[in-house]
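Work through these exercises with the sequence and the model side by side. Try each task before you read its solution.

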Amino acid sequence: QYKILFAQYKLFGTHVSSQDCYIASRGLKTLAVRLQKHGENAQKLAKYLQQRDEVEQVIAPFVSSHPQYKLWQKYFTKAQGLISFTLKKDFQSEAKIHKFIDSLKLFHLGYSWGGYESLVMFYEFKQGNEIIGDNQYLIRLHVGLEDAADLEADLNDAFREIS
């Protein structure tokens with residue numbers, strides 16, 4: 001028996017721990033409710049961001065200005081919690097981006113998504129040392145389960161800091 005199990009282990013590699021399985025199975029029970037809230041919040045914040053004078057472009061497939069919007073409508077019925085946006089040229093300095101992100105209280109700096117908390121990250125549009133396009137920075141939000149009005153107020157405060 002051991003030889004068979006060991007051969008399978010070598011074939012498939014390391015497996016997930018029992019604790020990780022437990023946590024994942026526990027999380028599956030509320031997954032649909034959480035994903036619904038992520039999507040609703042992201043759609044509200046996308047509309048809010050589109051109205052901001054500082055924002056150049058909101059990037060999410062569920063936004064009608066996105067080039068893949070028709071495909072999203074065809075294959076999806078709900079949004080997810082990940083959106084990105086670029087700022088207009090007057091707000092594209094590294095100092096302003098840092099000030100914007102540092103002033104956020106509900107959005108924490110992080111790469112992950114799918115958790116309950118809202119996260120923010122920024123990226124430079126560079127190929128080597130060369131900036132690509134007019135927008136030097138992209139800000140990515142993972143919109144969490146907090147109240148959408150609170151998240152909007154947090155973004156309002158951050159925009160006020162850089163205006």
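This is a predicted model: local features need pLDDT of at least 70, side-chain atom pairs count only at pLDDT 80 or more; totals for chains, interfaces and linings use all residues.

**Exercise 1. In which sense do β4 and β7 pair, and over how many bridges?**

Step 1. β4 and β7 pair in the antiparallel sense, over 6 bridges. Two strands count as paired if DSSP finds at least two bridges between them. Helices (H or I, at least four residues) and strands (E, at least two) are DSSP runs, numbered from the N terminus.

Residues are numbered from 1 along each chain as its sequence is written, and side-chain values use heavy atoms, with hydrogens and water left out.

**Exercise 2. Give the strand order of the open sheet, and say which strands stand at the edges.**

Step 1. The open sheet has 5 strands in the order β1-β2-β7-β4-β3. Its pairing is mixed.

Step 2. β1 (55–59) and β3 (108–109) are at the edges. Each has a single partner strand, so one side of each lacks a neighbour in the sheet.

Step 3. Check the pairs. β2 (residues 82–87) and β7 (residues 137–142) are antiparallel, with 4 bridges. Ser84 is bridged to Arg140 in β7. β3 and β4 (residues 119–124) run parallel, joined by 2 bridges. Here His108 stands opposite Leu119 of β4.

**Exercise 3. Is Gly110 buried or exposed, and what does it contact?**

Step 1. Find Gly110 in the loop between β3 and β4.

Step 2. Its relative accessibility is 14%, so Gly110 counts as buried. The cut-offs are under 20% relative accessible area for buried, over 50% for exposed, and partly exposed in between (1.4 Å probe, protein chains only).

Step 3. Leave aside neighbours within four places in sequence. Gly110 then contacts Leu119, Val120, Met121 and Arg140. Contact means heavy atoms within 4.5 Å.

Step 4. Compare with another loop. Asp147 lies between β7 and α6. Asp147 is partly exposed, at 41% relative accessible area.

**Exercise 4. At what angle do α3 and α6 pack, and which residues make the contact?**

Step 1. α3 and α6 (residues 148–162) pack at about 35°, with axes 10 Å apart. Axes are lines fitted to C-alpha atoms, for helices over the stretch in contact, and angles run from 0 to 180 degrees between N-to-C directions.

Step 2. α3 contributes Asn41, Lys44, Leu45, Tyr48 and Leu49. α6 contributes Ala148, Leu151, Glu152, Leu155, Asn156 and Phe159.

Step 3. Now place α3 on the sheet. α3 (residues 31–51) lies across β1, β2 and β7, at about 15° to β2.

**Exercise 5. How many residues has the largest nonpolar core, and which elements supply it?**

Step 1. The largest nonpolar core has 32 residues. Such a core is a set of buried Ala, Val, Leu, Ile, Met, Phe, Trp, Tyr and Cys residues joined through side-chain atoms within 4.5 Å.

Step 2. α3, β1, α4 (69–75), β2, α5 (94–102), β7 and α6 each supply at least two of its residues.

Step 3. Residues with the most contacts inside this core include Leu49, Phe85 and Phe159. Beyond four places in sequence, the contacts of Phe159 include Leu49, Phe85 and Phe100.

Step 4. Turn to α1 (residues 2–12). Of its 11 residues, the number buried is 0, so α1 lies largely in the open.
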